[in-house]
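Work through the exercises below with the sequence and the 3D structure at hand. Try each task before you read its solution.

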Amino acid sequence: MLTPLSANPKQLTEFFREAGFTHEQFQKNPTLRDLPSRRLGNLPDLLERTSEHTALHVLLRWFFLGVPLESESIAELIPAPVVTQLLETGMLVRDGGRLTPKVMLTPCEGFLFAADPAGTLESPESSAMVLWPNQSTRLLQMFTIRRPSGATLDLGAGCGILAVLASGHSRQAVATDLNPRATEFARFNVWLNGVTNVECLTGDTFKPVEGRTFDLIMSNPPFFVTPSTGQIYCENSMELDGYCRDLIRAAPRYLNEGGFLQMTLEWVQVSGQSWQDRLNEWLEHTGCDAWVLRSFVRSGAAYAAERIGTMMPYSPLTANQVFDEWMAYYRARGVEEIHGGILVMRRRSGQNWIRIENVNGLECAEPFGEAIVELFANHDRLASDRSADRMMAWKPRLPSDVRIDQQLHLEGGEWKPSSMQLRRPGTLPSFLALDPQVADFLRRCDGTRTLGDLGRDLAAEVKVDPEQVCRQCCAVMRKLVERRLVLV
């Protein structure tokens, strides 16, 4: 297993950085987009793409492709002190004249994260493997609110990436996982990245932190909806989506007032109950406001085929048998669909709200945690300022990234507007149809004047009763604030 050393890891991590083994390199290099896979048979091509005799290609062959290399072949490229540290930590092992990698390394935002090699996913040990930062981890990473936190919890931390990333905006972070191997990896990654404020604990769900509370809880739990357990890495032992439900119901007890839970999740729609009603049952009476973004839906058959095809090292015959077992499990429990997405909950005294939205996939190239903070702040403002009198004191302004899309049609030899749409792009895009008069009004919303002043000026221009204009302004403004198209 991996061993954190007493020596500072800075020499090691700086060598990787200088060699080009960086987050930026992985993003721009097409060679690094696909993991080596026996199923895909892409290893020969990846070896050819990393055949040039450079330090970067040695590191890629070791810690991305998982390929042993002869000691002599790397002597001129990798300094002896670096090789020594790699051996002492257990990241490499010496096998005669060869050096064999025991981990996969992933660079992310200036850090390095060790996890099990990619080949473990296609081996009998896949259920206990510690995964590298995958798609759902990266989604949660982009989704995370990155504001100062006194105490942060990474629940189901795996290799500890989210806890290490949160260490920069947290006074103290805790990484927990049921898998003791995951705790060892997380502890190693804390050392590897020179982080000093992350604690790594082993245990089931909230048991390792019983009696403690947090300002931020992040969780990428084992949410797969499967009839089996202990066969693939993201399974749990509970019926259907029960693990996610129990986590959501338990989490508020571990949140400080104003604290957030952010998690990825999957849930089912069963016969006789809509998926929305199922979620509402989970989220009601928790003492938290909740916002769910549903990003996908699959039939039981499509879900089973996708999970079995991409996550399990089965032969076609065995895969067909497993598929039949999954479908029998779904049919017996009335499962019609499986849904997935992300959830954010905020503990707050008072009357709580639940908001459920659909999004067409979530492209997470850029962090969007600030959009979450913005939405909750806007919702608070809408709840507290329900009267027109209070809204008249708002000083609305348009966010800098808001745009107007306009369609034109030809009429009498001239181009004339057919439709207008106010749009805010990004990971969580938002839009609202407008008419030209409202668009003209919005250009004046620069945050310096109150909504009351703006409405009275508009009433004087169009010679309409000011009260009528103010009522219309309030109605439009509430829609715009709710969609984050206007800030107040």
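**Exercise 1.** Which residue takes a positive phi in the hairpin of S15 and S16, and how many residues are between the strands?

*Solution.* Before starting, note that this is a predicted model, in which local features need pLDDT of at least 70 and side-chain atom pairs count only at pLDDT 80 or more, while totals for chains, interfaces and linings use all residues. Residues are numbered from 1 along each chain as its sequence is written, and side-chain values use heavy atoms, with hydrogens and water left out.

Step 1: find the elements, remembering that helices (H or I, at least four residues) and strands (E, at least two) are DSSP runs numbered from the N terminus. Strand S15 covers residues 414-424, and strand S16 covers residues 430-434.

Step 2: check the pairing, for which DSSP must find at least two bridges between the strands. S15 and S16 run antiparallel and are joined by five bridges, with Arg423 standing opposite Phe431.

Step 3: look at the turn, where five residues lie between the strands and Gly426 has the positive phi, near 120 degrees.

**Exercise 2.** Describe how S14 and S15 are paired, and what joins them.

*Solution.* Step 1: strand S14 (residues 403-411) pairs with S15 in the antiparallel sense over nine bridges, and the bridge partner of Ile404 in S15 is Leu422.

Step 1: the two strands form a hairpin with two residues between them, and in this turn Gly412 has a positive phi of about 60 degrees.

**Exercise 3.** Do strands S7 and S8 run parallel or antiparallel? Follow the chain from one to the other.

*Solution.* Step 1: S7 (residues 170-177) and S8 (residues 198-202) run parallel and are joined by five bridges, and Ala173 stands opposite Val198 in S8.

Step 1: from S7 the chain crosses through helix H9 (residues 180-192) to S8, in a β-α-β crossover that is right-handed; that is, with the strands pointing away from the viewer, the path from the first strand over the helix to the second runs clockwise.

**Exercise 4.** Is helix H4 mostly covered or uncovered?

*Solution.* Step 1: take helix H4, which spans 55-63, and go through its residues, among them Ala55, His57, Arg61 and Trp62, which are buried.

Step 1: nine of the nine residues of H4 are buried, and the helix is therefore described as mostly covered.

Note on methods: Buried < 20%, exposed > 50% of the residue type's maximum accessible area, 1.4 Å probe, protein only.
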